[in-house]
Amino acid sequence: MSQEDIAPVEVGSGLAKLLTRRPMAGKNDKGDSMEKIVSLCKRRGFVFQSSEIYGGLNGCWDYGPLGVELKRNLKDYWWRRNVLEREDVVGMDGSILMNRNVWRASGHESTFSDPLIDCKTCKGRFRADQLEDSRCLLKPSKRPGECDGELTEPRQFNMMFRTFVGASEDDSSVTYLRPETAQSMFVQFKNVLETSRQKLPFGLAQIGKAFRNEINPRHFTFRSREFEQMEIEYFCRPEQGKELLEYWLKERLKFYEEIGLSFEKLHVLDVPEADRAHYSEGTYDIEYDFPFGRQELEGVAYRTNYDLRKHQEHSGKPLEYFDDETKEKFVPHVVEPSAGVDRTVLALLCEAYDEETITNEKGKEEMRTVMRFHPRIAPVKCGVFPLLKNKPELVAKARDLVDLLRPHMHVFYDEGGAIGRRYRRQDEAGTPFGVTIDFETLGEQGDDLRDTVTLRERDSMKQTRVPIQELTDRLIQEIR
Ligand code: GAP
């Protein structure tokens with residue numbers, strides 16, 4: 001079934017617009033922007049190929065100095081909005097390796113697989129459900145099957161990374177790197193309930209690594225073999241499940257807008273029953289228009305009480321909830337908003353990337369590349385620049401300003417090169433504000449401007465004069 005065949009559903013007035021299947025602005029609305037984004041990520045230190053000097057490792061990525069700040073800001077904001085600002089959600093941090101029985105009970109050991117097809121000629125391995133988008137390794141202009149290669153029948157390939165715990169490498173020591181963070185929240189449900197003294201409905205939140213041996217990692221960090229998830233398991237009474245699914249969908253859409261993703265590029269897919277996981281009684285995929293097409297950012301699923309029930313059966317330990325008011329005992333149901341950190345970072349990078357022609361400081365036209373991150377999640381909040389590096393008074397004053405701002409925000413000090421070039425470097429880093437210390441700051445042009453600085457806004461490139469005294473408060477207001 002194509003996405004266009006799926007009927008829009010109505011979930012309140014604001015959402016109706018999102019649930020209508022709007023066409024993408026064009027498969028690649030910024031031309032060859034994906035290549036440019038990947039190149040900028042390397043050039044500026046957002047994302048590098050893992051183990052690059054050894055030829056890399058497919059599906060694995062390293063975040064550089066700017067990327068790690070962007071990712072951290074995203075995770076911090078998610079934590080703040082979903083845990084710190086709520087009374088009904090608590091957090092946890094589970095281990096990546098767990099008892100193998102967890103994966104037996106959850107069904108991952110027997111069913112967490114993708115259909116795999118091998119080509120006997122080019123030796124390529126392809127996902128059977130993605131042949132349309134795959135390329136023959138010997139004849140890249142053709143799809144597998146379109147070339148003369150002989151394809152095998154599809155077979156199921158389990159995506160969990162197997163490993164051994166302890167010194168012996170036999171069946172008794174097998175376990176897996178977790179393919180989702182969710183399961184540790186299910187198996188710790190009882191401990192959390194008892195220690196946090198929460199009452200239904202309440203949520204358990206976690207941010208952490210997950211691993212999947214994807215057959216075809218692709219689209220830069222979009223489909224990786226090692227990635228991070230931000231997940232909430234929101235436990236509730238059975239009759240609350242459907243309503244809470246709609247509630248969490250709205251909450252999550254609000255979040256994406258708050259971090260700067262544009263409304264027009266966000267879409268909601270009401271996943272048809274045939275495409276849902278077997279335990280789901282309703283799933284919405286939140287999708288984003290990436291330059292390579294419309295793709296899933298997050299799944300919001302009503303998982304019923306499948307997981308707790310399975311763990312109760314397999315472990316023999318009760319995972320029930322006793323309702324003081326109704327005196328009922330039951331296995332709670334769960335609504336799960338499950339987002340990918342790396343995919344959201346990629347969406348932020350794609351959303352932010354922009355190019356424009358400007359007239360530079362010397363009156364000449366030039367192309368400016370600018371990352372228009374929302375100040376809330378921008379890796380660096382403010383650049384500080386002494387106009388000249390060989391004037392010690394300017395440098396000292398700029399250093400003082402860095403000391404003033406640093407306790408409140410991530411600041412970058414730069415004294416190298418022409419001021420225009422320094423601005424341009426911070427535009428590519430997505431730094432929303434730049435502050436220049438000049439001769440006016442020192443009082444050399446009269447007392448009126450002493451202790452004032454030039455504040456430059458990244459997006460408009462507008463420059464205003466601001467007293468140093470007012471600067472910290474003004475910037476704090478902007479970045480919150
Ligand atoms: N606990 C439910 C669960 O894991 P999922 O739809 O398989 O559901 C949730 O994954 C989210 O994790 C996805 O929406 C996506 O953002 C992210 N994700 C899944 N596989 C990924 C991969 N191979 N690379 C990057 N992110 C991935």
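I started with the aromatic rings and found that Phe 186, Phe 189, Phe 202 and Phe 235 form one aromatic cluster. I am working from a predicted model, where local features need pLDDT of at least 70, side-chain atom pairs count only at pLDDT 80 or more, and totals for chains, interfaces and linings use all residues. Residues are numbered from 1 along each chain as its sequence is written, and side-chain values use heavy atoms, with hydrogens and water left out.

My pairing rule takes rings of Phe, Tyr and Trp (its six-membered ring) with centres within 6.5 Å; planes under 30 degrees apart are stacked, over 60 edge-to-face, and the rest tilted. This rule gives 18 aromatic pairs. I looked up Phe 189 and Phe 235: their ring centres are 4.7 Å apart with planes at 55°, so I noted the pair as tilted. Phe 189 lies in helix H7 (residues 189-196) and Phe 235 in strand E10 (residues 226-236), so the pair ties together parts that are 46 residues apart in sequence. Helices (H or I, at least four residues) and strands (E, at least two) are DSSP runs, numbered from the N terminus.

Are Phe 189 and Phe 235 buried or exposed? Both are buried, meaning under 20% relative accessible area, with exposed over 50% and partly exposed in between (1.4 Å probe, protein chains only).

Next I checked Phe 290 and Phe 292, a stacked pair at 4.9 Å centre to centre and 10° between the planes. Phe 290 is buried at a relative accessible area of 0%, and Phe 292 counts as buried at 10%.

Then I turned to the ligand. I counted 20 residues around it, the closest being Glu 180, Glu 214, Glu 231, Glu 296 and Leu 297; a residue is near if one of its heavy atoms lies within 4 Å.

Which atoms lie 2.8 Å from an oxygen atom of the ligand? I found a polar side-chain atom of Arg 212 and a polar backbone atom of Leu 297. A backbone N or O atom of Gly 340 lies 3.0 Å from a ligand oxygen atom.

Taken alone, the ligand exposes 550 Å², and the protein buries 88% of that (Shrake-Rupley method, 1.4 Å probe). E10, strand E13 (293-304) and strand E16 (333-340) each give two or more residues to the shell, and E13 gives the largest share, five residues.

Terms used: Polar contact = N/O pair within 3.5 Å; in protein donor to acceptor, adjacent residues only side chain to side chain.
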